[in-house]
2 protein chains.
Amino acid sequence: MKVVVGSPGTWTGLVLRIGQCAFAGASIGIMVSALGFSNYTAFCYLVASMGLQALWSLGLACLDIYALKIKRDLHNPVLVSLFVVGDWVTATLSLAAACSSAAVTVLFARDTGFCRSIPQFSCGKFEVSIALAFIAWLLIAISSLVMFWLLASV
Amino acid sequence: MKVVVGSPGTWTGLVLRIGQCAFAGASIGIMVSALGFSNYTAFCYLVASMGLQALWSLGLACLDIYALKIKRDLHNPVLVSLFVVGDWVTATLSLAAACSSAAVTVLFARDTGFCRSIPQFSCGKFEVSIALAFIAWLLIAISSLVMFWLLASV
């Protein structure tokens, strides 16, 4: 199995995992600090999905640190298959959550004009949280493609 | 390059493409027949994205028919790379559009209760159109994975 940039048990792989975890965590933090987010299903789904993403990435970051420390090779087909499934599931859920929340925010900001007419509505926080969720998705998408490439090129 | 189920220039590939085109077309048809859909950005985006999806799948279906007719092999790396990029872009856009529209519909039906309180609101049509969009996405996701697998296993 080839070793490419971002593959498991490498420094680039570890940086990707830490990035995913950090952006997902920041997205959750900003969303839960926004007033009344829990009244909207899409925003609750974003928090749940980013929570799952952060946990998954944190787990794999710990595994990467362990592999780097004891210089163990994580490139075996069974392990990579597991990473592929996990990465694809979390990536799809993260994209779905980010798009869902973005659609609701666009509805509030543009279609109905709630953000202008109701100033106590935390539209700014919703937007920042969604932007961070999209960055987290981008990083997990890179990991997913690398894992799938590794598995397919066995 | 291996020939797997759903790869370009095969009968299964053609069936997948026709399915994508049909579901995307049906999704557009039902959405545009819903009253006032154009007031919401997410629903307009669904129509645009499904339009792109239908055009792309129609083009590749025609190419599959041509390849089957003259028994030409479409498994060359340059062509498959082109299919991979197109499939991934349309699949991501389709998922984003379906999730966005679903989030807005959930907001109307569950969070705000508009669907119950305003009967002339075409919530049923929105839901059917979104379900068809998700089926179209599922089919294009299968095609995308097959194409990526083909490219990676060269």
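This is a predicted model: local features need pLDDT of at least 70, side-chain atom pairs count only at pLDDT 80 or more; totals for chains, interfaces and linings use all residues.
User: What makes the span of helix α2 of chain B close to the expected one?

Analyst: The helix covers residues 41-69 of chain B, which is 29 residues, and reaches 42 Å from its first C-alpha to its last. The expected span is 1.5 Å times one less than the number of residues. For α2 of chain B that expectation is 42 Å, and the span is close to it.

User: How do you know that the copies meet through the same surface?

Analyst: Of the interface residues of chain B, 100% are also interface residues in chain A, so the same surface is used by the copies. The contact takes 24 residues from chain B and 24 residues from chain A, where contact means heavy atoms within 4.5 Å.

User: How many salt bridges and polar contacts are counted between the chains?

Analyst: Between chain B and chain A there are zero salt bridges. A salt bridge would require a side-chain nitrogen of Lys or Arg within 4 Å of a carboxyl oxygen of Asp or Glu. Five residue pairs, both members at pLDDT 80 or more, are in polar contact between chain B and chain A.

User: Which helices of chain B supply the side that touches chain A, and what kinds of residue are found there?

Analyst: At least two residues each come from α2, α3 (77-111) and α5 (123-152) of chain B. The largest share, 13 residues, is that of α3(B). By class, this side of chain B has 17 nonpolar, five polar and two charged residues. As for area, chain B and chain A bury about 1900 Å² between them, with 80% of it on carbon and sulfur atoms.

User: What is the secondary structure of chain A?

Analyst: Chain A has five helices and zero strands, and from the N terminus on its elements run α-α-α-α-α. The C-alpha trace of chain A spans about 55 × 25 × 20 Å along its principal axes.

Technical notes. Residues are numbered from 1 along each chain as its sequence is written. Chains are lettered from A and ligands numbered from 1 in the order in which they are written. Side-chain values use heavy atoms; hydrogens and water are left out. Helices (H or I, at least four residues) and strands (E, at least two) are DSSP runs, numbered from the N terminus. Buried area is the accessible area (1.4 Å probe) that two parts lose on being put together, summed over both. A polar contact is a pair of N or O atoms within 3.5 Å; within protein, one must be able to donate a hydrogen and the other to accept it, and residues adjacent in sequence count only if both atoms are side-chain atoms. Ala, Val, Leu, Ile, Met, Phe, Trp, Tyr, Cys and Pro count as nonpolar, Asp, Glu, Lys and Arg as charged, and the others, Gly among them, as polar.
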